[in-house]
Amino acid sequence: MRRHRTEPAAARLGRACALAWAVAWALGGCASAPPPAMAVIAVELEGMPADWPPTLACRASTPAGSWEFTAPGTVRVRATGAPLRIEC
C-alpha cells in the first residue's frame, strides 16, 4: 500500500495566500482607474464698469487642466485640492 505525503495545513495556507496575492497583483494592472471627479463652478460678474460687455470669455485652470467658459455662467472642472484660477 502506498502512502501519500500530506502537507501541513500551514504550508497549504501559505501557498494559497501567495497565489491570491499573485493573482491580485497581476490583475491590478488590468483594472481601469475611476473617472476623475468633476465639479461645477458658478461664476458671476459683480461690480463691473458700465462700459464693459455683459459677458466675458474666461478660462478656469488648475494643474489638472484648463476649461474655457463664458461668464456669467458655469464651468465644469476636474476637482482637485489645487487652487482654481479664473482669468477673463
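What follows is a short chat about those labels.

Modeller: Ground rules: this is a predicted model, where local features need pLDDT of at least 70, side-chain atom pairs count only at pLDDT 80 or more, and totals for chains, interfaces and linings use all residues. Residues are numbered from 1 along each chain as its sequence is written, and side-chain values use heavy atoms, with hydrogens and water left out.

Biologist: What makes C58 and C88 a disulfide?

Modeller: The rule asks for a pair of cysteine sulfur atoms within 2.5 Å. Those of C58 and C88 are 1.9 Å apart, so the pair passes the test. The link is right-handed, with 105 degrees about the S-S bond. C58 sits in strand β2 and C88 in the segment after β5, 30 residues apart.

Biologist: Why is C58 called buried, and what is C88 called?

Modeller: Buried means under 20% relative accessible area, exposed over 50%, and partly exposed in between (1.4 Å probe, protein chains only). C58 has 6%, so it is buried; C88 has 57%, so it counts as exposed.

Biologist: How do you know that β2 pairs with β3?

Modeller: Strands are DSSP runs of E, at least two residues, numbered from the N terminus. Pairing takes at least two DSSP bridges between two strands. β2 and β3 have 7 and run antiparallel, so they pair. A57 stands opposite T70 in β3, and a hairpin joins the two strands through 2 residues.

Biologist: And what about β2 with β5?

Modeller: There are 3 bridges, also antiparallel, so that pair qualifies too. R59 stands opposite E87 there.

Conventions: Helices (H or I, at least four residues) and strands (E, at least two) are DSSP runs, numbered from the N terminus.
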